[in-house]
Amino acid sequence: MYEQALKKLQKAVRRFSRKHKGGSMYVFGVSEPSRYVIRELLKCGDAVCGVIDNDVRKQHMYCGGIPVIGNEEFMEDCKMKRNICVLIISPFWREMKRQVIMDGIDAAHIKEIRLVSVAEETFLLHSIRLMQGREIYRKIVKPYGADYRIFLCPYTGTGDIYLIGTFFRQYLRAEKIDKYVFVVVSKACKRVADLFEIQNVTVLPDTDKCSMLISYYMAQPDICRMDILNDSWGEIYTNPIQWIRGYRGHNFTDMFRRYVFRLPESAKPQPPRLKDEREAVYGLFCKNHFPPGKTVILSPYASTLADMPMDFWEKLARLLQKKGYTVCTNSSGEKEPAVAGTKAVFFPLSIAPQMVECGGTFIGIRSGFCDVISSAKARKIILYDKNNWFYNCRAYEYFSLNGMGLCEDAVEIEFEWNETDAVIQKIDQYI
């Protein structure tokens, strides 16, 4: 979601929370907005009992740390709980509300946060955004000149930027490009680009500015000389490539190699050259009293894929501590609090692989951060929800670090929603 939309959604959730305190709250549908809304509701002190989704592949996984249930399980809950509230968050809330009512849920229980769809935006708004996009493009080009190639990375996920980095130099050589500007949407993405020593990086202030730039590109492709480095993007409605994600073994690496960079199968992802950061790494370890080789870095947060409930991480941390390890949580701030009983630690992405190597062990839910530390010579245990599908295949099949060719030594574990204790046992055996 774009920054402007997130701010509007945050305000809407807070208004909703003030009006509907108490009772048993459910969110309808597994989606990025649902994860964001759950996080905001929990901040407001509201309890979310479950996420309702009719897709059986999504049931019995987690969304924002909350179990995903089917309609039948929800109806059973209704028999035991009072003041039920089902919250719908979507531009298509009317259609979804009709569907929920047809599924047997009383209309009196249903509340909605009405997002605005692109189709509802006016011609005037599109025109304004196009002109704003033109100004953004001109500012990007001005310091360099018209003969520089513009590359836009529209996604804020660090995993996408990392994968782009593994192929970018090969692509520049193949296309004989030596003048370019590399445009990203966050400082975190710039830090990943810096790992690969990519030059002339421009950071857009937010995703909304990226959307404006794409609007201008779509309207004036001959004037806006720009390549979008993504296997597909929602606003590029002429590009249907996203629908073959996972089809016949097309994984994350395959999609970028074939359809973004048009490189041959022989082209392999090339990790960045890690710099000697021993002074910075040892400084952090000394400051936090982390013993080298006996520190486990937990990474429990993911923005795109499924996640695990916090009590899993707490049990895992206690087990590791009993085995003599010091346990810390990779945290970027208050939105990613430390697992109970562990210390929050923040370190720049530029030294993340070296931090993992020094600690000796990394355990995390699959996220873009896993791509960044994939080349670290350390124990790497990566967790995937077996019920989490990404287009035409399971998330594990599409995003496996080993399968993508980013490393060969990751221990990758798929889990079912009711198997969290079994996952801890598997980790215990490996450690």
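These are my notebook entries on a few residues I looked up in this structure.

**Before starting.** I am working with a predicted model, where local features need pLDDT of at least 70, side-chain atom pairs count only at pLDDT 80 or more, and totals for chains, interfaces and linings use all residues. Residues are numbered from 1 along each chain as its sequence is written, and side-chain values use heavy atoms, leaving out hydrogens and water.

**Entry: K19.** I found K19 in helix α1, residues 3-19; helices are DSSP runs of H or I with at least four residues, strands are E runs of at least two, and both are numbered from the N terminus. Is K19 buried or exposed? K19 counts as exposed because its relative accessibility is 69%, and the cut-offs are under 20% for buried, over 50% for exposed and in between for partly exposed, with a 1.4 Å probe and protein chains only.

**Entry: D371.** I went to helix α13, residues 368-372, and found D371 there. D371 is buried, at a relative accessible area of 1%. Which residues does D371 touch, leaving aside those up to four places away in sequence? I noted G159, Y162, R366, L401, M404 and L406, where contact means heavy atoms within 4.5 Å.

**Entry: E197 and N200.** I looked at the loop between α7 (187-195) and β9 (201-203), where E197 lies. N200 lies in the loop between α7 and β9 too. E197 is not a glycine, yet has a positive phi of about 55°. N200 is not a glycine either, and its phi is positive at about 50°. E197 counts as partly exposed at 31% relative accessibility, and N200 counts as partly exposed at 29%.
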